[in-house]
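Subject: Structure for your review

Dear colleague,

Please find the structure below, together with its sequence. My notes on what was found in it follow directly after.

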Amino acid sequence: MADQSSQSIVIDAPAAKIMDVIADFPAYPEWAKSVKVCEVVQDGPAGRARQVHFVIDAGVVKDDYVLEYDWQGTDQVSWRLVRGQMQRSQHGSYVLEPQSTGSTKVTYNLTVDTAMPMLGMLKRKAEKVIMDTALKELKKRVEG
């Protein structure tokens, strides 16, 4: 059974700028350390990707998979697994909430079910590391 994990960070930028970085998939290998390949395989509405192929190598976690995206303006993007090697399912989202200071609170929600059984504690730790790294690297890319 897959459990949902959630983590947030505040980024000193407007939501639209953050969403532009999230949507720039070909640039992911430049700033997301575990992403080795990231290519749009199907375009969607408004110039945003519909399906994206990823190859990741985060040490013990390696996978080759395709995600399908659903864009909701500059406030939210969600995705689901189309196919993968190490995952049975993945659902995730970025939710962007503008703050009164001009910054944006970014919440990353992730639910992953792996093809191989994993101890709950190890799975939660892996999800936390993945989300923590993703949010910190996103913040660095947007603010840098």
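W79 is buried, with a relative accessible area of 7%. Please bear in mind that the model is predicted.

The count of aromatic pairs comes to twelve. One of them joins W79 and Y108, whose ring centres are 5.8 Å apart and whose planes make an angle of 55°. The pair is classed as tilted, because an angle over 60 degrees would be needed for edge-to-face and one under 30 degrees for stacked. W79 belongs to strand β5 (residues 76-84) and Y108 to strand β7 (residues 104-114), so the contact ties together parts that are 29 residues apart in sequence. Y108 also counts as buried, at 7% relative accessibility.

W79 and Y108 are both members of one aromatic cluster, which is formed by F25, Y28, W31, F54, Y65, Y69, W71, W79, Y94 and Y108. Another member of this cluster, W71, has R48 lying over its face, at 5.1 Å from the ring centre.

The loop between β4 (61-72) and β5 contains G73. G73 and A16 are 57 residues apart along the chain, and their C-alpha atoms are separated by 8.5 Å.

With kind regards

Technical notes:
Residues numbered from 1 in each chain as written. Predicted model: local features only at pLDDT ≥ 70, side-chain atom pairs only at ≥ 80, totals over all residues. Heavy atoms only, no water. Phe/Tyr/Trp six-rings, centres within 6.5 Å; stacked < 30°, edge-to-face > 60°. Helix = DSSP H or I, 4+ residues; strand = E, 2+ residues; numbered from the N terminus. Buried < 20%, exposed > 50% of the residue type's maximum accessible area, 1.4 Å probe, protein only. Lys NZ or Arg CZ within 6 Å of the ring centre and 35° of its normal.
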